[in-house]
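Please read this briefing with the sequence and the structure side by side. It moves from single contacts between side chains to the wider arrangement of the chain.

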Amino acid sequence: MKRYLFVLRKPPHSGAQVQEMLDIILTTAAFDQHVSILLLDDGVFQLKNGQNPEIAGMKDTAAIFKALEIYDVNDIYTEVESLQERGLKLGDLCLPVQEFYRKDIAGLMKRFDVVFAG
C-alpha cells in the first residue's frame, strides 16, 4: 500500500479545483490506500467552523471533510504558521488536525510515497 499526501493550499469555494481534489482524495481512499491531507496557506480555511457557502449557492466542502473518517482518512496536518498568519487557532477548525512548524514540513512530506499538490 502506498502512502499518499494531498496538499491543499487554496481557500474553500475558490473554484472547481478544491472539489476536484476532494474527489481524488475520496477515490484514492476508496481503493484502500493510506491517504493524508496537509493544509497550507489559505488551505487552512477549508476546515474553518461556521462556513455557510449555501448562502452563495456553493457546495459545503467542510461537510465533505467531515465524511473523510468514513474513508479512513484520519491524518490531517496543518502548518502552525499558516494558522497564525490567518488568525486561526485549532479550536476554530471543525476537525482535529496535527500541527507542524514550517521548518518540519519537508520532513513530513518525505514520509509519503506520493505527494499531490493542489
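Arg3 lies over the face of Phe112, at 4.8 Å from the ring centre; a charge is said to sit over a ring if NZ of Lys or CZ of Arg is within 6 Å of the ring centre and within 35 degrees of the ring normal. This is a predicted model, in which local features need pLDDT of at least 70 and side-chain atom pairs count only at pLDDT 80 or more, while totals for chains, interfaces and linings use all residues. Residues are numbered from 1 along each chain as its sequence is written, and side-chain values use heavy atoms, with hydrogens and water left out.

**The sheet**

- An open sheet of 5 strands runs in the order E4-E3-E2-E1-E5, with parallel pairing; strands (E, at least two residues) and helices (H or I, at least four) are DSSP runs numbered from the N terminus, and two strands pair if DSSP finds at least two bridges between them.
- Strand E4 (98-100) and E5 stand at the edges with a single partner strand each, so one side of each is left without a neighbour in the sheet.
- From one strand to the next, the twist averages 25 degrees, where axes are lines fitted to C-alpha atoms, for helices over the stretch in contact, and angles run from 0 to 180 degrees between N-to-C directions.
- Strand E3 (residues 75-79) and E4 pair in the parallel sense over 3 bridges, and the bridge partner of Thr78 in E4 is Glu99.
- Helix H1 packs on this sheet, touching E1, E2 and E5, and its direction makes about 165 degrees with that of E1; contact here means heavy atoms within 4.5 Å.

**The aromatic cluster**

- Ring pairs link Tyr4, Phe6 and Phe116 into a cluster; rings of Phe, Tyr and Trp (its six-membered ring) pair if their centres lie within 6.5 Å, and planes under 30 degrees apart count as stacked, over 60 as edge-to-face and the rest as tilted.
- By this rule the count comes to 5 aromatic pairs, and one of them is the stacked pair of Tyr4 and Phe116, at 6.3 Å centre to centre with 15 degrees between the planes.
- This pair links distant parts of the chain, since Tyr4 is in strand E1 and Phe116 is in strand E5 (residues 114-117), 112 residues apart.
- Tyr4 counts as buried because its relative accessibility is 16%, whereas Phe116, with a relative accessible area of 33%, is partly exposed; buried means under 20% relative accessible area, exposed over 50% and partly exposed in between (1.4 Å probe, protein chains only).
- Phe6 and Phe116 are also stacked, at 5.0 Å centre to centre and with 5 degrees between the planes; Phe6 lies in strand E1 and Phe116 in strand E5, so the pair ties together parts that are 110 residues apart in sequence.

**The nonpolar cores**

- In the largest nonpolar core, which has 25 residues, Ile25, Ile37, Leu47, Phe65, Leu68 and Ile76 touch the most other members; such a core is a set of buried Ala, Val, Leu, Ile, Met, Phe, Trp, Tyr and Cys residues joined through side-chain atoms within 4.5 Å.
- Strand E1 (3-8), helix H1 (16-30), strand E2 (34-39) and helix H2 (61-66) each supply at least two residues of this core, and H1 gives the most, with 6 residues.
- A second, separate core of 9 residues includes Val7, Leu38, Tyr77 and Ile105.
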